[in-house]
Amino acid sequence: MAKATIAIDPVTRIEGHLKAQVVVENGKVVDAHLTGGMFRGFEQILKGRDPRDSTQIVQRICGVCPVSHAHASSIAGDKAYGITISNNARIVRNLLEGAQFLHSHILWFYTLAALDYVNPLNALKANVGSAYDLVEAAGTSCQSDLKALQERLTKFAENGQLSIFSGNWWKNGQSDTEFKLPAELDLIATAHYIEALTMQSKASEVCALLGGKMPHVMTIVPGGTSFVPTEEKLDDLWSLVHELRDWIKATIIPDTKAIAPYYKEALSFGKGCG
């Protein structure tokens, strides 16, 4: 019987240190292990501390998702103290959590995952006029100058310093056979990849507005929140949230619909337990 062990170490596209190992026998996985490769000992750090310190300490588990750790810790504190928080405090906490969700989804879709199916250097072959036609046909947004972006990419490619991309997603500047998008869609998606960096920061601004700063917010505490709303803060919140909503509706969702048909086989990946 053919038997082999396959290890992926580290697993990318996640925040943290993870190793995945599977044992394959006759073409089927017969055993699997996941291993966290880094122990930081937050449980030990918290021992002997005032419980109210935990919302600040546990946020340091992650700089990307600190709000979730603070939120979970504060809920545990509420239960331990027998506190039922006010509805307004619940809303503020949930707004903070929601803003972090927005940041994380934008981060994942573009910064972490896009380069698995978008090849920016293939965008050099794009016809800019046809790319703008595709923008209209796909119903997606275009806040960028695609011609100027193509010129920037040309200079980047000519420089030859592709860093981590030289032997991975981009093979010596040539499109890998696994990349399936037409050049025009690669150009559009690359523009949105860059726009997404700004929109991530907008989501973090919401967290900072409600949390005092970001990362590692300060206003989530056992018993509710120390955030004090003012007319000016709520006006800023309204503006940021609507800007994010409009960009997501006009960009991420149409991009998903435009890219997905080129990778239909991915629908069969990771079936799970059904």
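Visitor: What makes strand 1 and strand 2 (residues 18-25) count as a pair?
Guide: Two strands pair if DSSP finds at least two bridges between them. Strand 1 and strand 2 have six bridges, in the antiparallel sense, so they meet the rule.

Visitor: How do you know what to call a strand or a helix?
Guide: Both are DSSP runs, numbered from the N terminus: a helix is H or I over at least four residues, a strand is E over at least two. By that rule the protein chain has eight helices and five strands. Their order from the N terminus is β-β-β-α-α-α-α-α-α-α-β-β-α.

Visitor: What kind of model is this, and how are its residues and side chains treated?
Guide: This is a predicted model, in which local features need pLDDT of at least 70 and side-chain atom pairs count only at pLDDT 80 or more, while totals for chains, interfaces and linings use all residues. Residues are numbered from 1 along each chain as its sequence is written, and side-chain values use heavy atoms, with hydrogens and water left out.

Visitor: Why are strand 1 and strand 3 called edge strands?
Guide: The open sheet has three strands in the order 1-2-3, with antiparallel pairing. Strand 1 (3-8) and strand 3 (28-36) each pair on one side only. From one strand to the next, the twist averages 15°.

Visitor: How would you describe the direction of helix 5 against helix 7, and why?
Guide: Helix 5 (residues 128-138) and helix 7 (residues 183-211) pack at an angle of about 70°, with their axes 9 Å apart. Axes are lines fitted to C-alpha atoms, for helices over the stretch in contact, and angles run from 0 to 180 degrees between N-to-C directions. Under 35 degrees is roughly parallel, over 145 roughly antiparallel, 65 to 115 roughly perpendicular, and the rest oblique. The two helices are therefore roughly perpendicular.

Visitor: Which residues of helix 5 and helix 7 meet?
Guide: Val128, Ser130, Ala131, Leu134 and Val135 of helix 5 meet Glu184, Leu185, Leu187 and Ile188 of helix 7, where contact means heavy atoms within 4.5 Å. These residues divide into seven nonpolar, one polar and one charged. Ala, Val, Leu, Ile, Met, Phe, Trp, Tyr, Cys and Pro count as nonpolar, Asp, Glu, Lys and Arg as charged, and the others, Gly among them, as polar.

Visitor: What makes two rings an aromatic pair, and what is the angle between their planes called?
Guide: Rings of Phe, Tyr and Trp (its six-membered ring) pair if their centres lie within 6.5 Å; planes under 30 degrees apart are stacked, over 60 edge-to-face, and the rest tilted. The count here comes to five aromatic pairs. In one of them, the rings of Tyr110 and Trp247 have centres 5.8 Å apart and planes at 50°, so this pair is tilted. Tyr110 is in helix 4 (residues 87-112) and Trp247 in helix 8 (residues 231-259), so the pair ties together parts that are 137 residues apart in sequence. Ring pairs link Trp108, Phe109, Tyr110, Tyr117, Trp247 and Tyr263 into a cluster.

Visitor: Are Tyr110 and Trp247 buried or exposed, and how do you know?
Guide: Buried means under 20% relative accessible area, exposed over 50%, and partly exposed in between (1.4 Å probe, protein chains only). Tyr110 has 2%, so it is buried. Trp247, at 3%, is therefore buried as well. Of the 274 residues of the protein chain, 36% count as buried.

Visitor: Is Gln100 buried or exposed?
Guide: Gln100, in helix 4, has a relative accessible area of 2% and so counts as buried. Not counting residues up to four places away in sequence, Gln100 touches Val64, Cys65, Pro66, Val67, Ser68 and Cys207.

Visitor: And what of Gly82: buried or exposed?
Guide: Gly82 is in the loop between helix 3 (66-81) and helix 4. Its relative accessibility is 64%, so Gly82 counts as exposed. Gly82 and Gly223 are 141 residues apart in sequence and 9.2 Å apart in space, C-alpha to C-alpha.
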